[in-house]
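Hi,

Could you take a look at this one for me? Open it up first, and then read my notes below.

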Amino acid sequence: MKAVVIAAHGGPDQLQLREVERPEPGPGEVRVDLHAASLNHLDIWVRRGVEGVRYPLPLIPGCDGAGVVAALGAGVDDLELGTRVLLAPGIACGHCETCSAGRDNECRHYGILGEHRNGTNAEAIVVPRANAIPIPQALAFEDAAALPLAFLTAWHMAVARARIQPGDDVLVHAGASGVGSCAIQIARSLRARVITTVGSEAKANLVRSLGAEHVILYRETDFADAVRDLTEKRGVDVILDHVGADTWEGNVRSLTRGGRLVVCGSTSGHLVTANLRFLFFKNLAFLGSTMGSRSELLRVLRLVERGVLRPVVDRILPLDEVARAHELLESRRALGKLVLQIR
Ligand SMILES: NC(=O)c1ccc[n+]([C@@H]2O[C@H](COP(=O)([O-])OP(=O)(O)OC[C@H]3O[C@@H](n4cnc5c(N)ncnc54)[C@H](OP(=O)(O)O)[C@@H]3O)[C@@H](O)[C@H]2O)c1
Ligand SMILES: [Zn+2]
C-alpha cells in the first residue's frame, strides 16, 4: 500500500511517499481502508523531532482518519465489513484502574496514532476494534477525519477541566487553529461568551462565523489590555490555551478571581515564570489537559450528528501533497483543519 513515512526527523522533505506492506489485523483488531486523514500540529512535532522525546522511526504519521472497515481480526464479530468509521486517535490498555474509571487518556500506556505507532497517512491502518467508531451516512469522510483529535482535546479542556458554566467569559487563544476552532464552538454550546485571539484578518472572519463574540487581533492590540476593556476590568472566567510561553503573562493578567487557565500545548515555548502570589491571592487554577476519554469522543460525535458542532475544514489536498500541507500548517496559514484525501 501507499503510505507517508518519516524515516528521519527534519523538514517537510522527510515526508516520503512509499510503498509499504499492508498491515493485517491480529486478534481483536480491524483494518480500516482510509479515505481521508487530517493534519494536527502533533504531526509537525513528530516530523521535526522534539528534544527529550523518542519517536519510533520509521513511522507513518497522522492521528486522525476515516474510512471503511476492510478486514476483521479473530474475535471481532460486532462490526460488518464495509462499515464507515472514524478512528479514535488514542489507544489505552483498557483494563487498568484509570481505564476502568473511564479516564483512558490518563492511562500509563496511552498512545496516539501517528506518534506512538503507525498513523493515518496511508491507504490502510490496523487498530484495536474499539478505535473504529461507526459514523452516520451523512458525514463525509473528509469531515469525519477532521473531527477526532482537535474536538476531543477541546472538549476535555472546556468540559472536564475548565467546567465552563453558562454565562462564563471564555478566552480561546488561536481561535482559527485546529483546537481553537473546536473550542469556540464548544464554549458557545455551553452558553459562554467567547473572546478569541487570532493572528490575521482572514482568521478573524472565520472565528466570527463560529460564534466568537469578540475577536482580538493580537498582533495589533495587546490581548490582555483588550480582555480588560471587554470585561470592564473584571477579567475572564476561563482561558483555553495552547500557545504557551507567549501568552502566559497576559493570561495571568486576564483571569478574574477564581479563574481557570487550561493549557494543552505550548507551541511558542514551554518554559515560563509563575508569580505564585497571583495564583493564591486571585484563587486561580492552572490546569493541564491532554486528549480526552473515549466517552467524550462519542459525546462530541453525537453533537456533530445533531448539528451543534461542526468540523472546520480549510481545504482538502491529495495524500501526495502531504509536504505542502505540513508547510501550510507550520506557517500558520490554515483556517481550521487541513485534510488529506487518500482515495
Ligand atoms: N495535549 C494535547 O492533547 C494536545 C492536543 C491537540 C493539540 N495540542 C497542541 O496544541 C497546539 C495547537 O494544536 P493545533 O493542531 O490546534 O495547531 P494548529 O492548527 O497548527 O494551530 C496553531 C496556531 O497557533 C498559533 N500560534 C501561536 N504561536 C505560535 C507559534 N509560535 N508557532 C506556530 N503557531 C503559533 C497560530 O495561530 P495565529 O496565526 O492566529 O497566531 C497557529 O495557526 C500544538 O502545540 C499541539 O501540539 C495538544
Ligand atoms: Zn489503562
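Here is what I found in it, starting with some housekeeping.

This is a predicted model, in which local features need pLDDT of at least 70 and side-chain atom pairs count only at pLDDT 80 or more, while totals for chains, interfaces and linings use all residues. Residues are numbered from 1 along each chain as its sequence is written, chains are lettered from A and ligands numbered from 1 in the order in which they are written, and side-chain values use heavy atoms, with hydrogens and water left out.

Let's begin with the metal. What coordinates the zinc ion (ligand 2)? Cys93, Cys96, Cys99 and Cys107 do, each through SG, at 2.3 to 2.4 Å. (Donors are N, O and S atoms within 2.8 Å of the metal, or 3.2 Å for Na, K and Ca; water is not among the atoms, so sites may look incomplete.) Along the chain, the donors are spaced C-x2-C-x2-C-x7-C. The site is tetrahedral, with angles of 105 to 115 degrees among its four donor atoms; four donors get that label if all angles lie between 85 and 135 degrees. Cys93 is partly exposed at a relative accessible area of 24%, and Cys96 is partly exposed too, at 21%. (Buried means under 20% relative accessible area, exposed over 50%, and partly exposed in between, using a 1.4 Å probe and protein chains only.)

Next, the helices. (Helices, H or I with at least four residues, and strands, E with at least two, are DSSP runs numbered from the N terminus.) Helix H4 (residues 148–161) and helix H5 (residues 178–189) pack at about 50 degrees, with their axes 8 Å apart. (Axes are lines fitted to C-alpha atoms, for helices over the stretch in contact, and angles run from 0 to 180 degrees between N-to-C directions.) H4 and H5 are therefore oblique to each other. Helix H7 (residues 223–230) and helix H8 (residues 245–254) cross at roughly 15 degrees, their axes coming within 9 Å, so H7 and H8 are roughly parallel. (Under 35 degrees is roughly parallel, over 145 roughly antiparallel, 65 to 115 roughly perpendicular, and the rest oblique.)

Then there's helix H1 (residues 41–48), whose buried residues are Leu42, Asp43, Ile44, Val46 and Arg47. Just after H1, Gly49 takes a positive phi of about 90 degrees.

Last, have a look at Thr83, in the loop between strand E4 (64–72) and strand E5 (84–87). The C-alpha atoms of Thr83 and Gly67 are 8.3 Å apart, though 16 residues separate them along the chain.

Cheers

Methods. Tetrahedral: all angles 85-135°; square planar, octahedral: opposite > 155°, others 65-115°.
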